[in-house]
Amino acid sequence: MSFGERVNQFDAWLLDRIFQPFADALPERLPAMEVGMSFQVGSIVLSAASISALLVMEGMTLDNVITNLLGWFFEVIFYIGIHRLRGMVRPGYQNPLRVMLAGMRPISIPFAVYAFYQALTAERVYELALWFNSLSQLVFVAGIYLISCNMPPPGHRARQTFGRGPLPNEIG
């Protein structure tokens, strides 16, 4: 098995075994797509907080500011693109974003790990700003996986019992 196949296998495992059960357990009024989009907004806000903190601490040169702002604008553009595609995701059907984001999901994990490493090894003065960045990356990963989850058909939650017997008021 090649490295690429292993990465795809890990991505499918993470999506199917971790995030899809979580998405299925969410209430119908709060689908995984909405939670994932909220996570994306949170990632954008945390990233902006990280950049702002580094600017306030004067820890950035002009080159760093431009690079980080361009990266932040790409996050915003990504959010806008996904927001426009969200109409394609319908309950009870295969999520087309699952395939479309197949390359983005696995590559976001090493970026989150690297951001975490940066926060761990940062100088004391920059530590808080880099923790905002690492949290932003973790929220982004969770959001992109939730966006990729399939939405269960309407009434799916009503049919699930979650391993419990009927409650006294549910007995016929």
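Is Arg124 buried or exposed, and what is its relative accessible area? Arg124 is exposed, with a relative accessible area of 70%, where exposed means over 50%, buried under 20% and partly exposed in between (1.4 Å probe, protein chains only). The model is predicted, so that local features need pLDDT of at least 70 and side-chain atom pairs count only at pLDDT 80 or more, while totals for chains, interfaces and linings use all residues. Residues are numbered from 1 along each chain as its sequence is written, and side-chain values use heavy atoms, with hydrogens and water left out.

**Salt bridges**

- The structure holds 4 salt bridges, each being a side-chain nitrogen of Lys or Arg within 4 Å of a carboxyl oxygen of Asp or Glu.
- One of them joins Arg105 to Asp11, with the closest N and O atoms 2.8 Å apart; because Arg105 lies in helix α5 (residues 104-121) and Asp11 in helix α1 (residues 3-25), the pair ties together parts that are 94 residues apart in sequence.
- Both Arg105 and Asp11 are buried.
- Arg98 pairs with Asp16, the closest N and O atoms being 2.2 Å apart, and since Arg98 belongs to helix α4 (residues 96-100) and Asp16 to helix α1, this bridge links parts 82 residues apart in sequence.
- Arg98 is buried at 15% relative accessible area, whereas Asp16 is partly exposed at 36%.
- Arg124 meets Glu127 in a salt bridge (2.9 Å, N to O), and Glu127 is partly exposed, with a relative accessible area of 23%.

**Helix α6**

- Helices are DSSP runs (H or I, at least four residues), numbered from the N terminus.
- Of the 21 residues of α6, 15 are buried, so the helix is largely enclosed by the rest of the structure.

Notes
Helices (H or I, at least four residues) and strands (E, at least two) are DSSP runs, numbered from the N terminus.
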